[in-house]
Amino acid sequence: MNPSASLTDTAQPSYVETVTENIDLLIKGNYVVTMNRTRDVIHDGAVAVRGREIVAVGKTSQLETRYHATETIGGDRFVVTPGMVNSHIHITGEPLTRGYVPDDTPFEENVFMWLCPLYSMYNAAEERLSAQLAATEMLKSGTTAFLEAGTIRFLDEVVDGLEEVGIRGRVGQWVWDLPPEPDVYKQDTDQAIANLQQQLERHPAAAENRISAWSLLVGHTTCSDPLWRAARELATDHDVGLSFHMSPAKLDPEGFVAEFGHRPMVHLAQLGVLGPDVAMTHCVQVDDNEIQIMAETGVHVAHCPTTALKVSYGVTQVGKMPEMVQSGINLGIGTDGNNASNYSDLMRATYLVAGLFKDGRQDPQMFPAEKAYEMATVGGAELMQMSDEIGSLEVGKLADVVLHDADRPEWRPLLNVANQLVWSADGRGVHTVVVDGAKVVENGQMTTIDEQALYAQAQLAGEAITTRSGLPDKAKWPVL
């Protein structure tokens with residue numbers, strides 16, 4: 001794939017074709033935010049798409065001269081960006097129980113007394129519905145690709161539902177071998193390894209597959225050393241990434257120290273687990289030695305700011321995300337589960353990334369808007385091992401494109417597009433979304449599924465799941 005060249009004042013961009021050609025789609029914008037290597041923003045720009053791929057990016061006047069488009073969309077009122085990449089999200093277990101878990105529960109109670117029991121209540125149809133609801137929210141707010149958290153039970157049904165919606169993602173079923181409950185997730189080491197291998201074989205990574213499996217573990221303190229090693233080997237053998245949760249709260253480092261005499265990153269490095277194809281989620285409770293290990297091994301981190309705030313991980317007090325960036329560790333942004341952040345709009349999470357450490361370190365230069373948006377796009381693409389395919393608008397990359405409607409109050413006046421994307425706008429302004437060159441959202445509405453039917457089914461399913469769980473309704477306001 002050939003990355004686009006930088007724009008200059010004296011030369012025509014090298015990525016603009018010099019002969020007239022037919023294309024499928026021309027996407028025009030007042031501003032085109034390329035996120036290419038030099039972070040060019042093109043005023044009165046356009047993106048030319050043929051099939052699944054971007055064939056040109058440049059000035060609208062130039063592209064209209066050189067290409068004949070079957071369809072043209074966008075125009076002066078739009079800001080055109082790459083699709084964002086959600087680096088960590090639970091698409092099952094929580095979308096249909098959004099907000100049911102009280103927001104005043106400590107980490108252990110939140111996970112073991114609420115989340116795990118609720119996840120275990122879902123049947124296959126409900127997990128498929130849950131995944132479609134999460135994918136719809138992501139697409140309608142500008143996210144075109146995601147890395148799932150590895151907490152799916154009915155993987156085949158979920159993959160089928162996601163393919164219908166049209167999003168891009170990497171997924172995996174619930175794999176661990178130490179916890180004895182919930183009973184539906186109980187598995188010994190051999191079963192856990194077999195589950196990993198089977199999902200990689202049934203849903204392989206291939207160019208034509210928008211949805212495929214990774215080597216995913218729940219992580220934390222739930223995996224034996226043989227399972228860690230097997231997950232590492234399977235990721236290598238199948239040429240996919242390896243991802244897991246680690247060290248959001250003190251429970252993980254304290255558990256590793258008690259069991260092995262050292263902290264998680266030390267132990268995982270000794271096992272040979274860590275490497276540049278590894279994406280770890282949270283990593284709030286890490287020390288400087290662990291950051292050095294992470295940097296040396298080339299791992300990526302999915303930073304989930306809303307979860308860190310809501311579940312009180314202490315991210316602004318002890319989090320070392322600035323030190324990670326300074327050490328060369330790539331960070332993406334995740335929205336996590338719908339009882340930890342309650343939304344799947346990555347633009348809202350990006351806003352938090354830009355602000356948390358400005359205040360936490362009392363330093364306004366921490367995570368400028370440009371860096372935060374980079375994490376939501378090219379950072380996420382790199383974390384997903386897809387930096388040569390998604391994350392920016394460049395020749396040869398897949399046509400995952402978002403049109404933001406700038407004729408909205410939060411977008412006007414439009415004077416600094418990076419500041420607007422991070423500090424002013426959110427997913428409500430997303431007008432049209434293209435994935436693989438096909439429109440999946442148009443004029444704010446899904447084109448692939450019946451939204452109203454989805455929402456009605458989600459309401460009924462959420463009520464049924466919470467009732468079956470037997471967990472109490474802890475809402476503090478009386479409903480008359």
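The buried residues of helix H8 pack against helix H6, strand E10 (242-246), helix H7 (251-260), strand E11 (278-282) and helix H9 (288-297). Buried means under 20% relative accessible area, exposed over 50% and partly exposed in between, with a 1.4 Å probe and protein chains only. Helices (H or I, at least four residues) and strands (E, at least two) are DSSP runs, numbered from the N terminus.

A word on the model. It is predicted, so local features need pLDDT of at least 70 and side-chain atom pairs count only at pLDDT 80 or more, while totals for chains, interfaces and linings use all residues. Residues are numbered from 1 along each chain as its sequence is written, and side-chain values use heavy atoms, with hydrogens and water left out.

Back to H8, residues 264-271. Of its 8 residues, 6 are buried, so the rest of the structure largely encloses this helix. They are Pro-264, Met-265, Val-266, His-267, Leu-268 and Leu-271. Just after H8 comes Gly-272, with a positive phi of about 80°.

Now H6, residues 225-238. Leu-234 sits in this helix. Is Leu-234 buried or exposed? Buried, at a relative accessible area of 9%. Leu-234 touches Ile-193, Leu-196, Gln-197, Leu-200 and Ser-215, leaving aside residues up to four places away in sequence. Contact here means heavy atoms within 4.5 Å. Ala-295 is 61 residues from Leu-234 along the chain, and their C-alpha atoms are 23 Å apart.

Next, a helix pair. H13 (residues 346-360) packs on H15 (residues 417-424) at about 95°, with the axes 7 Å apart. That makes the two roughly perpendicular. Axes are lines fitted to C-alpha atoms, for helices over the stretch in contact, and angles run from 0 to 180 degrees between N-to-C directions. Under 35 degrees is roughly parallel, over 145 roughly antiparallel, 65 to 115 roughly perpendicular, and the rest oblique. Who meets whom? From H13 come Met-347, Thr-350, Tyr-351, Ala-354, Gly-355 and Lys-358; from H15, Leu-421, Val-422 and Trp-423.

On to the sheet. It is open, with 8 strands in the order E3-E2-E1-E4-E14-E15-E16-E17, and the pairing is mixed. The edge strands are E3 (53-59) and E17, each pairing on one side only. Two strands pair if DSSP finds at least two bridges between them.

Follow the end of that order. E14 (residues 401-405) and E15 are antiparallel over 4 bridges. Val-402 has Val-433 in E15 as its bridge partner. E15 (residues 430-435) then pairs with E16 (residues 438-442), antiparallel over 3 bridges. Val-435 stands opposite Ala-438. What do E15 and E16 form? A hairpin with 2 residues between the strands, where Asp-436 in the turn has a positive phi of about 55°. E16 and E17 (residues 445-446) are antiparallel too, over 2 bridges. Here Glu-442 stands opposite Gln-445. This is also a hairpin with 2 residues between, and Asn-443 in the turn has a positive phi of about 55°.

Last, the cysteines. How many disulfides are there? The count is 0, with a disulfide being a pair of cysteine sulfur atoms within 2.5 Å. Take Cys-116: the closest cysteine sulfur, in Cys-223, is 13 Å away, so too far for a bond. Cys-116 is buried, at 6% relative accessibility. Cys-304 is in no disulfide either, with the nearest cysteine sulfur, in Cys-283, 9.8 Å away. Cys-304 is buried too, at 2%.
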